[in-house]
Amino acid sequence: MRKHLAWLLLLAATVPGPARARLQVVIDDPNFQPFPLAIPDLKNLGGGAEGEKLARQAAEILRGDLELSDFFKVVPPKSYLEDPRAAGITRSTIDFGAWFQVGAEGLIKGGLELAGDKVRLDLRLFEVARGEQSLASKYSGSRSQLSRLIHRFADDVVKHLTGERGSFSTRIVCVRKSKGIKQIYVMDADGRNGRVLTRNASINILPTWNHDGARIFFTSYIAHNPDLWVIPAAGGKPKAVSQHRGLNVGASASPNGEWIALTLSRDGNSEIYKMRADGSGLKRLTHSMGIDSSAAWSPDGSRIAFVSSRSGNPHIYVMGADGSGQTRLTFVGTYNQTPEWSPLGTKIAFTARDERNVFDLFEIDVDTREVTRLTQDQGNNEDPSWAPSGRFLVFSSTRDGAPAIFLMNEDGSRQRRITRGAGGFTTPVWSPWTTGPFGEKP
Amino acid sequence: MIRPVRQLTLLLLMSLLGLLSGCPEPPKAEMDLANQALEAAQAARAADCAAATFRSAQEMMERARLQLKRGQYDEAKTTALAARELAEKAKREAETNPDCLKKPEDAGKEQGPKSDGDAGPVTTDASRGASPLDDPNYELKRVFFPYNEASVTEEAARILADNAEWMKRHPTAKIQVEGHCDERGSVEYNLALGERRAQSVRKYLTDLGVRQSRISIISYGEESPLDPSSTEEAYSQNRRAEFRKR
């Protein structure tokens, strides 16, 4: 019995877990203050000048992630007192007093080893006040996966300190206009690591994820009609899914992956239909004289939100996944568009044109129908989409000129831009928790 | 002098009332004005000097009468407006036709000796040849729409009448109507709106007697602006339907 207890104690000392009293960042506390973290550049553990560069880059990505999460505040690296040459990355070599002095409560240290194309990372989280290591992870992969590896550690830190799953291994798909052509563009949740998925001279629009984030549905005029296509999220050849005459647009995957809801105009008017993910088993869900569009599946799969102009102006409606019980949800405004359910299914975010003819983001509580404004007085803001954690929304905004992609907290606070570079970025959609193109486990 | 003015005021009032009440009334004012325009065109010898356009105007008027009889008042009104525009156009064409510039009696005198020459007599066919609508390479003109609207405006109706006439004179031609929107509003809704614009143009052309099988439609939503800038002027240029010969 004593022997067992000794083992348990030893385990508790090495494996972080709820059994041990440890630092916890309580994020839903009304007095919540971002938790101050210090993140010095990683140590270059062999790899020459290239390794040095990557070690700096890795720390930058990590700082960016943890700042974006809004749970943390990164203590500015310029204020760090510790001598980076003398200090190591293990507990015994760290001068915790020097970190305490600059106001850090948490400290992340790590080493990066570059060998050929291979990167090995050794990353550790310390609690400054107690002088203890509370999390340690090792990752390896190819050089091009560096940011993915760092995002995974950022998610581990979020999980460890807040108990919540982090969002940084998820991705965002949007449309990027380059050289006058709209292409489907995928990037990490921090806006980095972006790549163009489609490479055709046609028009590619309205991308959305399949249920597990492995594929992306989008509409393209490749075959001279707005058809629905699907392409692997890691890149590849697009395949046609729905090629009915007229519109094949605005797909939304059911959470179990069995169905997609979308807008077709094959019967002469824009209506919502559902079909199996391969395009078979077509079933019409709406029958109205107005324009019905922008289907969005609820997270439990039982309902579909959509836009209809059946009352004269476009408003948000909700129906059962079989088309039953079509109910109008919004009664304010004259132009409400692009509904997206929150991951808990309690709220729907949408774009509305307000009384000054400006487009802004709002959300409506599905039960109480209380409407809350999320953006105001900063250009046009459109096409909200929720992070799978429900903590953030991504959207496009013209506040800096050409449309760019922004994140904000679920309550509309801390709006920050994540795309740089030429061309407009529009219609972002956040991926689900993902097994993803790089094979990472959920 | 007073009576015609009064009559006009009355007509205007009636049409205004019709608009305000919102319930469909026979478009008497539009029908009358179209008839008057046709008579005026006839008086200007449009039947000879602008034959093609005049015939289109007459056909359009026939169509309006038919629609009126069927109780399709909204359609009849738009058609009557188009008939009137066409009749006025025929009158203008007749008045500026160089072969018809002389007074009828002079024309008669001129025609005698001329018939021996190369030019030949002024005939219906000759004046028809002068119409650009006979040219197989005639460029079908685009039409524009108000914000968030898909219905055909009076100005668009005039252009569509020409386009329909060209289709009739080139019975093997097939066209695609492209519906476009300005950049405001959601991408998906604009695709639906663009399609409605293309549909309403196609309906207008088929109402004028063009077979529907000759007209396909496609919507480009806000994806293919004429003017990519974000100004009201650009927006009004971008809300449009284009015609592509296939």
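## Close-ups of a two-chain model

**View 1. Leaving aside its neighbours within four places in sequence, Pro226(A) is in contact with Thr219(A), Tyr221(A), Leu247(A), Asn248(A), Val249(A), Leu191(B) and Ser219(B).** Being in contact here means that the C-beta atoms of two residues, placed from the backbone, lie within 7 Å. This is a predicted model: local features need pLDDT of at least 70, side-chain atom pairs count only at pLDDT 80 or more, and totals for chains, interfaces and linings use all residues. Residues are numbered from 1 along each chain as its sequence is written, while chains are lettered from A and ligands numbered from 1 in the order in which they are written. To find Pro226(A), look in the loop between strand 11 (215-220) and strand 12 (227-232) of chain A. (Strands, E and at least two residues, and helices, H or I and at least four, are DSSP runs numbered from the N terminus.) Pro226(A) has 27 other C-beta atoms within 10 Å, which means that it is buried. The cut-offs are 20 or more such atoms for buried, 12 or fewer for exposed and anything in between for partly exposed, again with C-beta atoms placed from the backbone. Gly191(A) is 35 residues away from Pro226(A) in sequence and 28 Å away in space, C-alpha to C-alpha.

**View 2. Here chain B meets chain A, with 11 residues of chain B in contact with 24 residues of chain A.** On the chain B side, helix 9 (187-207) and strand 3 (215-221) are the elements that give two or more residues. Helix 9 of chain B provides the largest share of that side, 6 residues. Sorted by class, the chain B side has 5 nonpolar, 3 polar and 3 charged residues. (Nonpolar covers Ala, Val, Leu, Ile, Met, Phe, Trp, Tyr, Cys and Pro, charged covers Asp, Glu, Lys and Arg, and the others, Gly among them, are polar.)

**View 3. Chain A is split into domain 1 (2-17 + 34-162) and domain 2 (171-430).** These bounds come from an automatic or database domain assignment. Taken over C-alpha atoms, the centres of domain 1 and domain 2 of chain A are 37 Å apart. Where the two touch, domain 1 of chain A puts in 7 residues and domain 2 of chain A puts in 8. On the domain 1 side, helix 2 (48-69) and helix 4 (146-162) of chain A each give two or more residues.

View 4. The meeting place involves 10 residues of domain 1 of chain B and 9 residues of domain 2 of chain B. Helix 4 (51-69) and helix 5 (73-96) of chain B are the elements giving two or more residues to the domain 1 side. Helix 5 of chain B has the largest share of that side, 6 residues.

**View 5. Four strands of chain A make an open, antiparallel sheet in the order 22-23-24-25.** Strand 22 (336-341) and strand 25 (371-373) of chain A have a single partner strand each, so one side of each has no neighbour in the sheet. Strand 24 (residues 359-365) and strand 25 of chain A run antiparallel and are joined by 3 bridges. (For two strands to pair, DSSP has to find at least two bridges between them.) Look across from Glu363(A) and you'll find Thr372(A), in strand 25 of chain A.

View 6. (The expected span is 1.5 Å times one less than the number of residues.) Its buried residues are Ala29(B), Glu30(B), Met31(B), Leu33(B), Ala34(B), Ala37(B), Leu38(B) and Ala41(B). A handy rule to keep in mind: an α-helix has 3.6 residues a turn, so residues three or four places apart point the same way. After helix 2 of chain B comes Arg45(B), with a positive phi near 65 degrees.

**View 7. Lys179(A) is not a glycine, yet its phi is positive, about 50 degrees.** Lys179(A) is in the loop between strand 7 (171-178) and strand 8 (181-188) of chain A. With 8 other C-beta atoms within 10 Å, Lys179(A) is exposed.
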